[in-house]
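Please study the sequence and the model displayed below.

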Amino acid sequence: MLRLKLKTLQEKLYSRIFWKLITINLLVIGSVIWLTGVSVNDFACLLVNQFNMVGEARKEFFNSTMEYYLIRTSIIAVIVAAVLHYYLTRKVVAPLQKLVQSTKKLSSGQYPQLLEAASKDEIGELTKNFNQLIIRLKKMEEAKKNMINDMAHELRTPLTNLNGYLEGLSQGVLKGDESLFQSLYEESVRLTRMVNQLDQLTEWEYKHLHHFELKDKVDIKPFIEECVKLFQLDLEQRGISYIVCIEEAQVLVDRDGLKQVMNNLIQNAIQYKIGDGDICIYGREEEGMYKVTVQGEGEPIPEEKREWLFERFYRVDSARSRNTGGTGLGLSIVKKIIERHMGEVGMYSEGNTHSFWFTIPLASRKLDSSN
Ligand SMILES: Nc1ncnc2c1ncn2[C@@H]1O[C@H](COP(=O)(O)OP(=O)(O)O)[C@@H](O)[C@H]1O
Ligand SMILES: [Mg+2]
């Protein structure tokens, strides 16, 4: 019903604009022709009267001939102008008609073909913006589809396992012991963590699409030291030593986002640690941004797998990561948050020493975060 109304409204709008343009142009041209004609006529009569160059009868003849020609020329001019205007205005308004058809298609839930922006005027601009809107909507739908597919894939196996065990226990086919209950509980905790992380990821995705302002000016040195302190107990219990070497600077960030980034990277450095080397956290200014690196010896990461680490649900060794409660979402959240800070993320390895790094803007740098 609403769609039908929109359709008729668009059609009405199109024909109204078209005829309005024609009428305005014809009125302007008609009045110019009329004014010119009257002026030429008056001027010619004035000359003839003033200089009395011809007799009375010839003067009459001159006046009527003049009037006849003026009227005839004016009528021809108006007809030619009307035809010309009809075609030219149609040409101007044609892209509008295409836009109207495309919006109709879009509002019916289909994606129309991208339109060609033939001119550089407002209509061309409107067409370009409309194309961008289609591309953006398509991307969003694609992202949504992929997200749902990935989620279904990741949740299916553990939930099937849980169901299987619970069914066996409830039917008395399986005898439960403490270790089975413990592992079932851990799996359910992991699933809950996954859902919470998905929530975070969507939240940052949402921020990505809307206006979002980096509002917190943060002294990076005490901030990172504070983040590390949260892991102090865990580090001590595992006998892991660490070095924090942060140059002082003020950065412009979202405080909670940055905390999340640091937590995820430190968590990984601890979780995947091998050997007895230190975990090192560095921070310094580099090329107008502030760069933080979390470095430590960790599980081997084959070179061909490195480019996938920041992808959603990606794990180098899914079985091992699952056993340690991993979800494969930590680094993708890091990436999303840092992208929102107009920074970059990356990693490099020397042997099994992996360095995960990211950049964030310095407080002195003015950023346009509107896109
Ligand atoms: N510091 C690290 N050392 C070795 N491997 C790592 C490290 N950080 C991340 N990884 C690898 O990258 C994968 C993705 O990490 P992440 O997105 O945090 O997911 P999760 O830790 O939940 O599995 C991990 O499964 C692990 O294989
Ligand atoms: Mg992780």
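A disulfide is a pair of cysteine sulfur atoms within 2.5 Å. The structure is a predicted model, in which local features need pLDDT of at least 70 and side-chain atom pairs count only at pLDDT 80 or more, while totals for chains, interfaces and linings use all residues. Residues are numbered from 1 along each chain as its sequence is written, and side-chain values use heavy atoms, with hydrogens and water left out.

By the disulfide rule, the count is 0. The sulfur of C245 lies 8.9 Å from the closest cysteine sulfur, that of C280, which is too far for a bond. For C227, the closest cysteine sulfur belongs to C245, and the separation of 16 Å is likewise too far for a bond. Surroundings can be described by relative accessible area: buried means under 20%, exposed over 50%, and partly exposed in between (1.4 Å probe, protein chains only). C227 is buried, at 1%, and C245 is partly exposed, at 43%.

Strands are DSSP runs (E, at least two residues), numbered from the N terminus. In a regular strand, side chains alternate between the two faces of the sheet. Two strands pair if DSSP finds at least two bridges between them. β1 pairs with strand β3 (residues 250–253) in the antiparallel sense over 4 bridges, and D219 stands opposite Q250 in β3.

Finally, the domain assignment, whose bounds come from an automatic or database source, gives domain 1 (2–113) and domain 2 (212–361). Their centres, taken over C-alpha atoms, are separated by 69 Å.

Note on methods:
Chains are lettered from A and ligands numbered from 1 in the order in which they are written.
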